[in-house]
Amino acid sequence: FSNLFRSSFRSNNMGGCCVSTEQQKGSKNLERRTTKVEIAISQEEAFLNKSLSRMPSSALGAPEVWVQHLLLSGVAVDADVRHTVANAIGSVHYNFPGAMPDRQIVTLLTNALKKKIKYWSVENTLLGTSFCPDEISNEKGDLPQLLHEMFGKVFPFSGLAGVPFAGRTGFKAFASHVPKNGTVLIVYGPHVSISPDGIVGKFKRPGQDHLTSACGACIGALSIIEKNTYDMPSPGSIEYEEDFQMNYIIQELKARLEQIIDHPKGKQVGLVFQAFKVAQKLIRTIIDVDVLDGAPVILLGGIQINMPDPLPDFYLPQCFRRFTIENKEGESWLDMLGGGEKALLTDLQ
């Protein structure tokens, strides 16, 4: 996959043999911005080239593959690490089939953009993201950081739970920044954690000796809803506005309580899938292709999965669509992310 990333990057940014001085400078700047990404990817190369590239997507759920990856990456693998790998990989494979490491998502995303959009490049793409501000979702090597390093800049839409609270006003401001003949890319979604024992919704944070919840906002909202003791302030009131984001999340999840509780893999799994629908609902409300001067909007939405150290985080795509003035309902590109089972049947309209 690292080779795929490099070939995608080079073919999109080296252009023809005759370029201007400014283009040469731009290319050099772009190469500098992506150097960190390429270096990091090279560290994964033994694993990705020797293991993943020749295996079906189901092999991502094989703990022994990840043990070999960690060993090849120089990680000391003791009994505790093997325990963590077996439980966490087993959990993500069972609860979120089709989830992939963040680096693999970046590679598949860039390959799809190159294939589907004529003259696509990193430089003519305006990136927006909507991820939860929780620090465990924004660490080095996580999807938000990989995207930021690759594109060099980002317009953040999000608040708690990855919901794009910047709203229509935020989108209009964002739209005014689109390069000429450019592309708008927005990547978003809530997050959920997996503990070293494979428990969904729990995470062992650095420096702490106990498990905490993630996403804390969503799990806290569900707890409030289930206790049925919260007196929701009236929308528009001072009390509601003082904690607007949390009140919005409670309100939206309460309407989805039955789907959360009835999920066949448990309410923590059901919770993050319904949290995705909350984010999806709002992002579809705020995007407006009419203000983009012909630029297409690419939405990649999914679920961030915070894995315990030393494993990388995963991402489960749920929506990958292109919107244009001619097709405001969008064209699904979800099949371009590969991976078969994916629970991707929810490429929401």
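**Packing of helix H11 and local features of the predicted model**

The axes of helices H11 and H13 come within 10 Å and cross at roughly 115°, the axes being lines fitted to C-alpha atoms, for helices over the stretch in contact, with angles that run from 0 to 180 degrees between N-to-C directions. H11 and H13 are therefore roughly perpendicular to each other, where 65 to 115 degrees counts as roughly perpendicular, under 35 as roughly parallel, over 145 as roughly antiparallel and the rest as oblique. The contact is made by Tyr 248, Glu 252 and Leu 253 on the H11 side and by Leu 271, Gln 274, Ala 275, Val 278, Lys 281 and Leu 282 on the H13 side, contact meaning heavy atoms within 4.5 Å. These residues divide into six nonpolar, one polar and two charged; Ala, Val, Leu, Ile, Met, Phe, Trp, Tyr, Cys and Pro count as nonpolar, Asp, Glu, Lys and Arg as charged, and the others, Gly among them, as polar.

The model is predicted, and local features need pLDDT of at least 70, side-chain atom pairs count only at pLDDT 80 or more, and totals for chains, interfaces and linings use all residues. Residues are numbered from 1 along each chain as its sequence is written, and side-chain values use heavy atoms, with hydrogens and water left out. Helices (H or I, at least four residues) and strands (E, at least two) are DSSP runs, numbered from the N terminus.

Helix H11 spans residues 244–254, and its buried residues are Met 246, Asn 247, Tyr 248, Ile 249, Ile 250, Glu 252 and Leu 253; buried means under 20% relative accessible area, exposed over 50% and partly exposed in between, with a 1.4 Å probe and protein chains only. The buried residues of H11 pack against helix H9 (216–227), helix H10 (238–242), helix H12 (257–261) and helix H13 (267–286). For H9 and H11, the axes come within 9 Å and cross at roughly 60°, and the two helices are therefore oblique to each other. In this pair, Ala 217, Cys 218, Gly 220, Ala 221, Ile 224 and Ile 225 of H9 meet Met 246, Ile 249, Ile 250, Leu 253 and Lys 254 of H11. By class, the contact of H9 with H11 has nine nonpolar, one polar and one charged residues.

Asn 306 is found in strand S8 (residues 297–306) and, at 0% relative accessibility, counts as buried. The side chain of Asn 306 makes polar contacts with the side chain of His 191 at 2.7 Å and with the side chain of Asp 313 at 3.3 Å. A polar contact is a pair of N or O atoms within 3.5 Å; within protein, one must be able to donate a hydrogen and the other to accept it, and residues adjacent in sequence count only if both atoms are side-chain atoms. Residues up to four places away in sequence not being counted, Asn 306 touches Ile 136, Ser 137, His 191, Val 192, Ser 193, Ile 194, Phe 203 and Asp 313.

Several backbone features lie in loops. Most residues other than glycine have a negative phi, and most peptide bonds are trans. A cis peptide bond, with omega about 10°, joins Ala 214 and Cys 215, and Cys 215 is placed in the loop between strand S7 (211–213) and H9. The peptide bond from Asp 309 to Pro 310 is also cis, with omega near 10°, and Pro 310 is placed in the loop between S8 and strand S9 (314–323). Ala 161, in the loop between strand S3 (155–156) and helix H8 (167–175), has a positive phi near 65° and counts as buried at 2% relative accessibility. Asn 228, in the loop between H9 and H10, has a positive phi near 55° and is exposed, with a relative accessible area of 61%.
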